[in-house]
Amino acid sequence: MNVPERDVMGKGIVDIQHHYATCNISYNEYNRSNIPAICRNFSHEYINDNDVDAEAMERMVSIIVPIFFGIIIILGFFGNALVVVVVAFNQQMRSTTNLLIINLAIADLLFIVCCVPFTATDYVTTCWPFGDVWCKMVQYLIVVTAYASVYTLVLMSLDRFLAVVHPIASMSVRTERNALKAILITWIVIVLTAVPVFNMHGEVSYTYASELHTACVFLDLDPVNRPDGYNKTIFQVRVPIFFSQ
């Protein structure tokens with residue numbers, strides 16, 4: 001059997017790439033009657049396959065995402081609400097550790113109620129239906145509730161450290177009053193320092209498959225389309241560093 005030489009094979013690949021580019025442009029910019037003959041069998045099937053795959057993926061996401069997010073909302077809401085109700089209405093359970101557990105449950109409830117349903121909607125629909133302001137607010141609350149949960153766990157770790165290592169000396173420090181002060185200060189710091197997140201997100205319009213779509217996204221820096229945008233890499237690095245200081 002004769003094997004084509006390397007340069008011949010390379011030329012064949014280049015020709016295929018050229019034909020694909022030509023046919024792709026033809027389908028996007030011209031009528032089918034003006035499409036070159038080679039495109040009639042080459043690109044039409046390929047483009048149709050891509051369209052079918054994209055539609056199948058969209059259908060699958062629109063079914064799977066609501067199911068999983070619905071399970072998260074139901075279990076998360078009732079589970080965390082039960083924790084808050086049991087500890088809040090039981091006087092004997094109001095210890096420093098349990099106050100921190102209530103705070104953690106409240107942060108999770110805020111995330112589940114104010115963030116999860118809207119994030120699920122953004123996955124399922126082709127447009128963000130809640131407007132630019134609520135887009136900013138959802139992204140802001142995602143960061144606030146996430147850091148509230150993280151730093152509540154940090155406070156719980158500190159509380160357990162004092163209780164185990166310094167059980168007697170820490171009794172005057174590990175009081176309900178001091179726990180409430182620590183929780184309040186934590187929330188104030190997080191709410192104020194997360195304000196830039198509100199400004200760095202927004203509703204963006206774009207065209208996909210000849211249809212106008214909107215999405216709630218980070219406002220990336222683009223010298224042409226968005227010169228007043230923000231550098232996402234710097235944002236992702238600076239925010240955790242800032243909160244860790």
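Ala179 is buried, with a relative accessible area of 9%; buried here means under 20% relative accessible area, exposed means over 50%, and partly exposed is anything in between, using a 1.4 Å probe and protein chains only. You'll find Ala179 in helix α6, residues 176-193. Helices (H or I, at least four residues) and strands (E, at least two) are DSSP runs, numbered from the N terminus. Not counting residues up to four places away in sequence, Ala179 touches Thr96 and Leu99, where contact means heavy atoms within 4.5 Å. Leu155 is 24 residues from Ala179 in sequence, and their C-alpha atoms are 8.8 Å apart in space.

Before going on, a word on what you're looking at. This is a predicted model, in which local features need pLDDT of at least 70 and side-chain atom pairs count only at pLDDT 80 or more, while totals for chains, interfaces and linings use all residues. Residues are numbered from 1 along each chain as its sequence is written, and side-chain values use heavy atoms, with hydrogens and water left out.

Now step back to the whole protein. It has eight helices and two strands, and from the N terminus on they run α-α-α-α-α-α-α-β-β-α. Of its 245 residues, 28% count as buried. Take the contacts between residues at least 6 apart in sequence: 58% of them join residues at least 24 apart.

Asp159 counts as buried, at 6% relative accessibility. Leaving aside neighbours within four places in sequence, Asp159 is in contact with Thr96, Thr97, Leu100 and Arg174.

Setting aside neighbours within four places in sequence, Val144 is in contact with Trp187, Ile190, Val191 and Ala194.

Let's follow α3 onward. Helix α3 (residues 96-114) and helix α4 (residues 116-124) pack at an angle of about 35 degrees, with their axes 4 Å apart. Those axes are lines fitted to C-alpha atoms, for helices over the stretch in contact, and angles run from 0 to 180 degrees between N-to-C directions. Phe111, Ile112, Val113 and Cys114 in α3 meet Val116, Pro117 and Phe118 in α4. The residues of this contact are seven nonpolar, no polar and no charged; Ala, Val, Leu, Ile, Met, Phe, Trp, Tyr, Cys and Pro count as nonpolar, Asp, Glu, Lys and Arg as charged, and the others, Gly among them, as polar.

Last, the strands. Leu212 lies in strand β2 and counts as exposed, at 61% relative accessibility. Cys127 is 85 residues from Leu212 along the chain, yet their C-alpha atoms are separated by 8.3 Å. Leaving aside neighbours within four places in sequence, Leu212 is in contact with Cys127, Ser205, Tyr206 and Thr207.
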